[in-house]
Amino acid sequence: KEQFFQSSVAQFNKDVHALTKLSHPHVIAVIGAFQTIEEGCCMVMERMEYGSVDAVLRNKAMPHLDEHTRVRIVHQIVSGLLYLDQASPPVVHGNIQAKHVLLDSNFVAKLAA
């Protein structure tokens with residue numbers, strides 16, 4: 001059990017190190033990481049005021065995303081994916097879902113892990 005934990009922490013640290021080197025307008029910035037006994041390993045990312053696309057689409061109190069905004073968000077997602085694919089070495093997201101696309105205060109989309 002302890003060896004598995006050590007291996008998991010080492011992999012987490014390796015992932016955080018790689019993610020902090022990524023810089024693109026449509027990939028969320030990873031600022032750092034920390035570990036606590038209660039929470040385990042945690043990443044610190046830039047603040048995205050509106051949260052996930054999934055949450056925005058499900059929240060009736062949120063303003064409706066018009067067609068232009070939706071198409072812009074899709075273009076931003078593709079832009080982020082192209083950046084990850086062209087990185088050296090390439091970064092495989094592997095889990096593209098509406099809950100992993102976050103929106104800032106201007107409805108700019110960024111990919112998150």
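User: Where in the chain is Phe-107 found?

Analyst: This is a predicted model. Phe-107 is found in the loop between S4 and S5.

User: What makes Phe-107 buried or exposed?

Analyst: Its relative accessible area is 14%. Buried means under 20%, so Phe-107 is buried.

User: What is the phi of Phe-107?

Analyst: Phi of Phe-107 is near 60°, a positive value in a residue other than glycine. Most residues other than glycine have a negative phi.

User: How many aromatic pairs does a search of the whole structure find?

Analyst: The search finds one aromatic pair. Its members are Tyr-50 and Phe-107.

User: Why is the pair of Tyr-50 and Phe-107 called stacked, rather than edge-to-face or tilted?

Analyst: A pair of aromatic rings is described by the distance of the centres and the angle of the planes. For Tyr-50 and Phe-107 the distance is 4.3 Å centre to centre, and the planes make an angle of 10°. The centres must lie within 6.5 Å for a pair, and planes under 30 degrees apart count as stacked. Both conditions hold, therefore Tyr-50 and Phe-107 form a stacked pair.

User: Which parts of the chain does the pair link?

Analyst: Distant ones: Tyr-50 is in the loop between strand S2 (40-45) and strand S3 (51-52), and Phe-107 is in the loop between strand S4 (101-103) and strand S5 (109-111). The two residues are 57 residues apart.

User: Why is Tyr-50 called partly exposed?

Analyst: Tyr-50 has a relative accessible area of 31%. Buried requires under 20% and exposed over 50%; 31% falls in between, so Tyr-50 is partly exposed.

User: What makes up the largest nonpolar core?

Analyst: This core has 14 residues, and Val-56, Ile-73, Ile-77, Val-101, Leu-103, Phe-107 and Ala-109 are those with the most contacts inside it. Helix H2 (53-58), helix H3 (67-86), S4 and S5 each give two or more residues. H3 gives the most, with three residues. In soluble globular proteins, nonpolar side chains tend to be buried together.

User: Which residues does Val-56 touch, not counting residues up to four places away in sequence?

Analyst: Val-56 touches Tyr-50, Met-62, Leu-65, Leu-103 and Phe-107. Both members of the aromatic pair are thus on the list of residues touched by Val-56.

User: Why is Ala-55 called partly exposed?

Analyst: Ala-55, which lies in helix H2, has a relative accessible area of 38%.

User: How far apart are Ala-55 and Ser-88?

Analyst: They are 33 residues apart in sequence and 32 Å apart in space, C-alpha to C-alpha.

User: Which peptide bond is cis, and what is its omega?

Analyst: A cis bond joins Ser-88 and Pro-89, with omega about -5°. Pro-89 lies in the loop between H3 and S4. Most peptide bonds are trans.

User: Which residues line the largest pocket?

Analyst: Ser-88 and Pro-89 are among them, as are Asp-15, His-17, Lys-21 and Val-91. The pocket has a volume of about 270 Å³. Its lining divides into seven nonpolar, two polar and two charged residues. Asp and Lys count as charged, so Asp-15 and Lys-21 belong to the charged group.

Technical notes:
Residues are numbered from 1 along each chain as its sequence is written. This is a predicted model: local features need pLDDT of at least 70, side-chain atom pairs count only at pLDDT 80 or more; totals for chains, interfaces and linings use all residues. Side-chain values use heavy atoms; hydrogens and water are left out. Rings of Phe, Tyr and Trp (its six-membered ring) pair if their centres lie within 6.5 Å; planes under 30 degrees apart count as stacked, over 60 as edge-to-face and the rest as tilted. Helices (H or I, at least four residues) and strands (E, at least two) are DSSP runs, numbered from the N terminus. Buried means under 20% relative accessible area, exposed over 50%, partly exposed in between (1.4 Å probe, protein chains only). On a 1 Å grid over the protein atoms alone, a cavity is a set of points where a 1.4 Å probe fits but cannot get out, and a pocket is an open set with protein on both sides within 12 Å along at least five of seven lines; lining residues have an atom within 4 Å of a point. Grid points are joined across faces, edges and corners, and a volume is the space filled by probe spheres set on the points. A nonpolar core is a set of buried Ala, Val, Leu, Ile, Met, Phe, Trp, Tyr and Cys residues joined through side-chain atoms within 4.5 Å. Contact means heavy atoms within 4.5 Å.
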